[in-house]
Amino acid sequence: MKFRILGALLVACVLGCLLPACSEPDGMETFIFRKDARDGVYVFSLPLTDTTARYDFWFYSRVGKTPISNVQLNVQWLAPSGNGFSETVYMRSVDTRGTRERYRSGMVPAEAGDWQLSVRPVDVGEDLLGIGVVYKKQDGTR
């Protein structure tokens, strides 16, 4: 009988330690190389499961040899329900050391779940090595 109680306590302690590891990450960083883009479109899956949180987003990129400026990015968001919207934004410049620029700050997802973010750079040539997205969940609630 004693061993059953100790075993149950041990299982409860282990589960209590593992459950926080199953929660949504506070942020994520993903980079897609040019060769892995789908017909020039970089597609990211972002788990935005907390509709009470605000998220900050950055784009980052790097070129092999020649810096480029005013990089046009056609951006499309697709919600878990299939609804979406698109916009055009610009990165001021991308250089050989890598460039990170803020895209959105304080964004609150309208729906919880996995969002798809598609980015198509326009007229960047073959020197662009790829595009990445960084997002970070801000502390606090609305």
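Start by selecting E126 and R34: their side chains form a salt bridge, with N and O 3.8 Å apart. The term means a side-chain nitrogen of Lys or Arg within 4 Å of a carboxyl oxygen of Asp or Glu. E126 sits in the loop between β7 (113-122) and β8 (128-137), R34 in the loop between β1 and β2 (42-48), so this pair ties together parts 92 residues apart in sequence. Helices (H or I, at least four residues) and strands (E, at least two) are DSSP runs, numbered from the N terminus. E126 is exposed at 63% relative accessibility, while R34 is partly exposed at 35%. Here buried means under 20% relative accessible area, exposed over 50%, and partly exposed in between (1.4 Å probe, protein chains only).

Before moving on, a word on what you are looking at. This is a predicted model, with residues numbered from 1 along each chain as its sequence is written. Local features need pLDDT of at least 70, side-chain atom pairs count only at pLDDT 80 or more, and totals for chains, interfaces and linings use all residues; side-chain values use heavy atoms, leaving out hydrogens and water.

Next, pick D50 and K137, whose side chains meet in a salt bridge at 3.2 Å, N to O. D50 is in the loop between β2 and β3 (55-63) and K137 is in strand β8, so the two link parts 87 residues apart in sequence. K137 is buried, at 17% relative accessibility.

For another pair, go to E101 and R92, a salt bridge with its closest N and O atoms 3.7 Å apart. A search of the whole structure turns up seven salt bridges.

Now switch to cartoon and find the open sheet: four strands in the order β1-β8-β3-β6, with antiparallel pairing. Two strands count as paired if DSSP finds at least two bridges between them. β1 and β6 (99-107) are the edge strands, each pairing on one side only. Zoom in on β3 and β6, which pair in the antiparallel sense over six bridges; S61 stands opposite T99 in β6.

Stay in β3 and select D56. D56 is buried, at 11% relative accessibility. Its side chain makes a polar contact with the side chain of S105 at 3.1 Å, and also reaches the backbone nitrogen of G106 at 2.8 Å. (A polar contact is a pair of N or O atoms within 3.5 Å; within protein, one must be able to donate a hydrogen and the other to accept it, and residues adjacent in sequence count only if both atoms are side-chain atoms.) Leaving aside residues up to four places away in sequence, D56 touches several others, including R102, R104, V134 and Y135; contact means heavy atoms within 4.5 Å.

Then try D26, in the loop between α1 (2-18) and β1 (27-33). D26 is partly exposed, with a relative accessible area of 47%. The C-alpha atoms of D26 and K136 are 5.8 Å apart, although 110 residues separate the two along the chain.

Last stop: color by pLDDT, the predictor's confidence in each residue, from 0 to 100. The protein averages 85, and 80% of the residues score at least 70. Confidence is highest in β3, at a mean of 97, and lowest in α1, at 47. Over residues 6-21 pLDDT stays under 50, and the model has zero contacts beyond four places in sequence for them.
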